[in-house]
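Some notes on the model follow, as numbered points. They go from the chain as a whole to one pair of its elements.

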Amino acid sequence: MARREPLNREKVLDAALALADEEGLDGLSMRRLAKVLGVEAMSLYNHVSNKADLLDGIAERVFAQVELPDTALPWQEQIRSAALSMYRAFRRHPVVPMALVTDLANPTSARAMSRVDALVGALYAGGFDDEGAWRALGAVNALVFGSLLLSTGGFGGDPGPHAGAANVEMYITELNPAALPHFSRLLRWTRGGGVDPEADFEQALDTLVRGLVEQSIPF
């Protein structure tokens, strides 16, 4: 009989993230996770304190996938790089932003928060004071999480196509083009495959960064 590899926190978190990606947050339970790992549920508590610790752990793992910006770059390029990497990491695992925005996960480790710290550092490098940095960070977070919310259908859909794709035909059928000519025209355009969520995000991010540059105070 092959000897089973000993369980550790990293393996538990890897399995938890994979399970949450597949079955959503509602499908992630200690009992279900234990079954996936082939162990008793109580043995998981040797590696995680409770489900909140589990969710913090998988959030930390996804934060760790966000690439730290190169501090040698101009501050605005650091903002763009960090925000785009955050968007991509969270879009691969939309259950994590769902856990974050609903306060189910609140990771506080340096491993997770170093990405946020890098963003704030870039804002300070751009000459923002504390209030300005706070508001600018909020704008970046709103863009990242808002774009993910829209492109994944509430953090629960396929992160590949845009979330509204399945509903476009219903809208086209139900809407009166004479009464709503502009929206009807736009919906018909989306049916042609022109929607690219990541390209949409990048354009919105570029617009935001230009606005931040206008507000910055050069040293």
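1. Two residues are in contact when heavy atoms of theirs lie within 4.5 Å. On that basis, take the contacts in the chain between residues at least 6 apart in sequence: 67% of them join residues at least 24 apart. The model is a predicted one, and the points below should be read with that in mind.

2. On secondary structure, the chain has ten helices and zero strands. Read from the N terminus, the order of elements is α-α-α-α-α-α-α-α-α-α.

3. On burial and surface, the chain has 219 residues, and 39% of them are buried.

4. Helix 6 covers residues 110-125 and helix 7 covers residues 130-151; their axes come within 10 Å and cross at roughly 130°. An angle over 145 degrees would count as roughly antiparallel, and 65 to 115 degrees as roughly perpendicular. Helix 6 and helix 7 are therefore oblique to each other.

5. The crossing of helix 6 with helix 7 is right-handed. On the helix 6 side, the contact is made by V116, L119, V120, L123 and Y124. Helix 7 contributes D130, A133, A136, L137 and V140.

Notes:
Residues are numbered from 1 along each chain as its sequence is written. This is a predicted model: local features need pLDDT of at least 70, side-chain atom pairs count only at pLDDT 80 or more; totals for chains, interfaces and linings use all residues. Side-chain values use heavy atoms; hydrogens and water are left out. Axes are lines fitted to C-alpha atoms, for helices over the stretch in contact, and angles run from 0 to 180 degrees between N-to-C directions. Helices (H or I, at least four residues) and strands (E, at least two) are DSSP runs, numbered from the N terminus. Angles under 35 degrees count as roughly parallel, over 145 as roughly antiparallel, 65 to 115 as roughly perpendicular and the rest as oblique. A crossing is left-handed if the near helix is turned anticlockwise from the far one by less than a right angle, and right-handed if clockwise. Buried means under 20% relative accessible area, exposed over 50%, partly exposed in between (1.4 Å probe, protein chains only).
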